[in-house]
Amino acid sequence: MCEYTFENGEKCKTKALAGSKYCSLHVPIDEGELLYGERLKEIKKRAFERKLERGIRYFEGVQLYEANISNMTIKNPLVFKNSKIKSLIVENSDLKGLSLFNSEIERVILVSSSIGTIWIKNSTLYGFNALDIEFENSISLKNSAVRYLMMNSVQHSEKKIKGEEEYGEKESIHGRIELSDLKKVRKIGINSHYPLLKEILDEYGVNPSKISKRHVKAKVLLIKNIEFDPNPRFKRQVRIFIRNFNGTLQFENLEVLGHVEIRGGRLKIPEFIHTLIHNNLVFRGTAFYGDTTWNLTVLPNLPAELSVKGFVILEDCSFNNPTMEEFFYRLARITWEKSGDKEKADEYYYLEMLAQRKQKMGRYMTYLPKLGISIKLPAFPFRKAKTKMKHYIHLLEGLFEWFFADLTCKYGTDWKRPILIWIAMVNFVFPTIFYITRSVTSFGVPLESFLDYEYFSVVTATTLGYGDLHPIGIGRVFASIEALFGMFMWAVFLTVFARKYMR
């Protein structure tokens with residue numbers, strides 16, 4: 001009989017191989033190859049398949065070249081403990097659960113399968129690959145050494161869960177993907193198209209064309225206490241790449257020796273707790289979602305919790321509330337200002353100011369009358385009428401800010417815009433108005449040439465006032481407006497120009 005002793009003290013009851021003290025599953029690979037050579041791979045494969053056919057789901061201390069579970073339905077959790085496996089492959093199968101404890105596995109490949117719970121703890125893996133996987137409960141990798149961790153088209157299948165949630169507990173393991181206390185990590189990729197993917201699948205006979213391309217969906221994606229490989233050649237690479245993830249994203253106790261890139265998807269109430277990123281934090285085409293509670297509790301603490309030594313980059317991102325939008329654009333602006341790139345910092349400053357104006361306008365937009373509907377002032381009590389008036393005043397403030405601060409110079413970030421506006425208004429708009437109304441005269445004789453009206457417009461805008469031409473009738477109103485406009489635009493230009501080149 002096999003002399004392998006399980007943790008509970010019992011011995012394996014399988015017959016030992018000829019020439020060895022252990023059975024075909026427990027015999028060390030080095031020892032077995034000396035006895036059987038290349039035949040050992042087939043011997044171990046047949047022995048593992050027979051165990052599965054007999055309904056055995058618990059494997060302890062096994063040593064395998066390849067553990068292949070293909071086109072199977074297993075209603076009990078499949079467990080590997082204290083085992084050494086070169087490749088663990090689950091393909092087109094339906095498993096209640098898959099658990100790995102204290103095991104050494106070179107590569108885990110899960111493809112086109114439904115697995116209730118995936119639990120890996122205190123193990124050593126070179127690569128973990130999950131492609132087109134549905135899970136009911138959770139995916140958890142803890143206290144392990146993993147070099148490459150890739151998940152593509154992994155989705156949580158919605159299921160009504162009873163228990164803590166019935167008592168108001170929001171924190172639940174159901175629907176969670178948790179990567180915590182991992183060591184020697186080189187890259188974490190969510191929907192990442194890494195170069196070796198096709199080669200890996202081809203090597204094990206998996207057809208990549210049959211794998212669905214879906215967003216990664218989970219209630220929570222938690223990445224916590226990750227120790228990245230400190231090798232200098234990896235420090236300039238993207239260490240965490242998340243693409244098309246829908247759910248709550250949480251970073252906790254992270255020191256990322258490289259870049260973090262998040263592309264596409266919908267991030268709900270993202271959290272960054274004690275997170276340090278040595279290079280850049282990049283968001284591209286990402287939609288952010290937050291609620292009022294999150295804005296009041298989590299968002300104010302993010303500047304102290306999230307530190308980025310490189311740049312924060314936001315491209316084509318959207319936000320469901322301007323409070324969150326303002327924070328992320330401010331975070332990006334600060335990182336670019338520290339580097340001395342004022343041009344890029346101004347771009348984020350403008351977006352930050354737009355978000356601030358959205359906050360101011362958003363509260364009172366509901367008080368704007370709908371177009372096409374006549375307005376009748378109801379008989380409000382004095383207090384309600386006063387409150388209503390304040391709302392309209394704040395709304396007018398927002399409109400005033402848009403017209404004088406945004407439209408004219410983009411909050412002081414664009415010095416070209418006031419010049420172009422000045423030239424267009426003074427050399428075309430106002431002369432045209434004076435020409436049409438014939439409201440400019442010279443000693444009582446109306447002018448005929450359009451250039452004469454343009455000359456009068458320039459003189460008025462610059463407030464020179466030579467006295468050879470003067471407005472009459474309605475022209476006095478337009479001339480007054482143009483004089484104020486000219487003075488204001490020159491002040492805007494000088495202020496913006498000084499800010500742009502003198503700071």
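This is a predicted model: local features need pLDDT of at least 70, side-chain atom pairs count only at pLDDT 80 or more; totals for chains, interfaces and linings use all residues.
Salt bridges come next. The structure holds 14 of them. One of these joins Glu7 to Lys81, with 2.8 Å between the closest N and O atoms. That pair ties together distant parts of the chain, 74 residues apart: Glu7 belongs to the segment before α1 (29-36), while Lys81 belongs to strand β4 (residues 78-81).

Another salt bridge pairs Glu325 with Lys358, and here the closest N and O atoms are 3.4 Å apart. Again distant parts of the chain are linked, this time two helices: Glu325 is in α6 (residues 322-339) and Lys358 is in α7 (residues 342-362), 33 residues apart. Lys358, at 44%, is partly exposed.

The side chains of Glu326 and Arg330 meet at 2.4 Å, N to O. Why these two? Glu326 and Arg330 are 4 residues apart in helix α6, which means that about one helical turn separates them. As for accessibility, Glu326 is buried at 10%, whereas Arg330 is partly exposed at 27%.

The nonpolar one covers about 550 Å² and is made by Phe400, Trp402, Phe403, Phe404, Leu407 and Phe488. Helix α8, spanning residues 382-409, gives the most to this patch, with 5 residues. Phe400 is found in that helix. With a relative accessibility of 53%, Phe400 counts as exposed, because the cut-off for that class is over 50%.

The other patch is positive, and its members are Arg39, Arg46, Arg50 and Arg54. Arg39 lies in helix α2, which covers residues 39-53. The Arg39 side of the story is simple enough: its relative accessible area is 55%, so it is classed as exposed.

Finally, the cysteines. How many disulfides does the model hold? The count comes to 0, where a disulfide would need a pair of cysteine sulfur atoms within 2.5 Å. Two cysteines can still be placed by accessibility. Cys317 is buried at 15% relative accessibility, and Cys409 is buried as well, at 7%.

Notes: Residues are numbered from 1 along each chain as its sequence is written. Side-chain values use heavy atoms; hydrogens and water are left out. Patches are made of residues with over 30% relative accessible area and no salt bridge: like charges are joined within 9 Å, nonpolar side chains (Val, Leu, Ile, Met, Phe, Trp, Tyr) within 5 Å. Accessible areas come from the Shrake-Rupley method with a 1.4 Å probe; for residues, only the protein chains shown count as cover. A salt bridge is a side-chain nitrogen of Lys or Arg within 4 Å of a carboxyl oxygen of Asp or Glu. Lys and Arg count as positive and Asp and Glu as negative; His and the chain ends are not counted. The place of a charge is taken as NZ of Lys, CZ of Arg, CG of Asp or CD of Glu. Buried means under 20% relative accessible area, exposed over 50%, partly exposed in between (1.4 Å probe, protein chains only).
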